[in-house]
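I opened my notebook for a look around this model, and here is what I looked up, entry by entry.

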Amino acid sequence: MSSERLISLRGVTIDLPVQETRARSLRKAALGIAVGGVLMRSRNDQVTVRALSQINMDAHNGDRIALVGSNGAGKSTLLRVLAGIYPPTEGTITTHGVVSAVFDSSLGLDMNLSGYENIAVACRYRGIDRATMESLRPSIVEFSGLGGFINLPMRTYSLGMMARLAFAITTSMTPDILVMDEWLATGDAAFMEQAQNRLRELVDEARILILATHSMSLVHTLCNKVAVLDHGRIAYFGPIADLPPGVYPPLA
C-alpha cells in the first residue's frame, strides 16, 4: 500500500465563541466549562474557547489513527475540522480524496421533508452528484428498513428511525478518508448488527481511518498510530508501540 500523504494539518487552531458572554462574566463562563479548552478574550471583549491549538499532523495512505484523550480534550473538534465542518481560525488543512464523517450523521436533514427527499438533500450536502445519488437511493432505502415510512415527513419519525436513515445515507459510499466518533451502534439489535458489519467494511476499504475513541480494545485492534490530545494540543502523535510511558496510561 502506498505511503502517499492524504491529510496535512499545519498550525491548525480553532477558537469557538462563547455566545452572549462578555468580559465582566468571564469568571462565570469559566465555571460553566467543565474540562478542556482555554478561555480567551478578543479585542471586542468576546469570550472564546481555544478548542485546538497549533495542531500539526500528517496522515498517509494506510494509516489507522486513534484520537484519544479525556472528555473535552479536542477529539470531536478535530474530527469536525477534518470533515470540513469547522474551518481553522489559524493554520491550514489539506486533504486529498473524499472524506466521510460518521458522527453527526443527521447534519443537514430537513424535518419537513420526507425521508426519500432527504436522501437527495443529504447527498447534495456531502457533495454527491445527482446521478450517483439516484443510483444509491434504492440501496439506502433498503438498508434503512423504513419501508413505506420513507415517504412520510421526517418530523413523524422516531429518533431511532431518523438515526437509521441518516446512518444509511452517511455510509452509502466508501470514502478515501473515514472519520468516526466512537464505534457507532444505532437502532434495534438487528439493525445494530447490520450497522457494525457495514462500518467494518468501510474501515477495511477506506484509505485512511481516523477514530476518536475511549475504547483501548478498538485502538489496539484497528489502529497503527495514536494522537493523544490534551487541552486542545497534541501531546503525542506516532506509532502506538512508541507511545512514551505516562502520556496516556490506559494504552499501556
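Predicted model: local features only at pLDDT ≥ 70, side-chain atom pairs only at ≥ 80, totals over all residues.

**Entry 1: Gln54.** Gln54 has a relative accessible area of 41%, so I noted it as partly exposed. I found Gln54 in strand β3. Leaving out residues up to four places away in sequence, I listed what Gln54 touches: Gly11, Val12, Thr13, Glu90 and Arg233.

**Entry 2: Ser53.** Beyond its neighbours within four places in sequence, Ser53 is in contact with Val12, Thr13, Gly232 and Arg233. The C-alpha of Ser53 lies 8.9 Å from that of Glu90, a residue 37 places away along the chain.

**Entry 3: helix α2.** Which residues of α2 are buried? I wrote down Lys75, Thr77, Leu78, Leu79, Arg80, Val81 and Leu82. That is 7 of the 8 residues in this helix (residues 75–82), so α2 is largely enclosed by the rest of the structure. Just past the end of α2, I noted that Gly84 has a positive phi of about 85 degrees.

**Entry 4: α3 against α4.** For a helix pair, I wanted the angle and the distance between the axes, as these describe the packing. The axes of α3 (residues 115–125) and α4 (residues 130–144) come within 10 Å and cross at roughly 130 degrees. That angle makes α3 oblique to α4. I recorded the crossing of α3 and α4 as right-handed. From α3, the contact uses Tyr116, Ile119, Ala120 and Cys123, and from α4 it uses Met133, Arg137, Ile140 and Val141. Sorted by class, the contact of α3 with α4 has 7 nonpolar residues, no polar ones and 1 charged.

**Entry 5: helix α6.** I finished with the span of α6, which has 17 residues (189–205). From first C-alpha to last, α6 reaches 25 Å, close to the 24 Å expected at 1.5 Å a residue. For burial in α6, I listed Phe191, Ala195, Gln196, Arg198, Leu199, Leu202 and Val203.

How values were computed. Residues numbered from 1 in each chain as written. Heavy atoms only, no water. Helix = DSSP H or I, 4+ residues; strand = E, 2+ residues; numbered from the N terminus. Expected span 1.5 Å × (residues − 1). Buried < 20%, exposed > 50% of the residue type's maximum accessible area, 1.4 Å probe, protein only. Contact = heavy atoms within 4.5 Å. Axes fitted to C-alpha atoms, helices over the stretch in contact; angles between N-to-C directions. Parallel < 35°, antiparallel > 145°, perpendicular 65-115°, else oblique. Left-handed = near helix turned anticlockwise from the far one by under 90°. Nonpolar A, V, L, I, M, F, W, Y, C, P; charged D, E, K, R; others polar.
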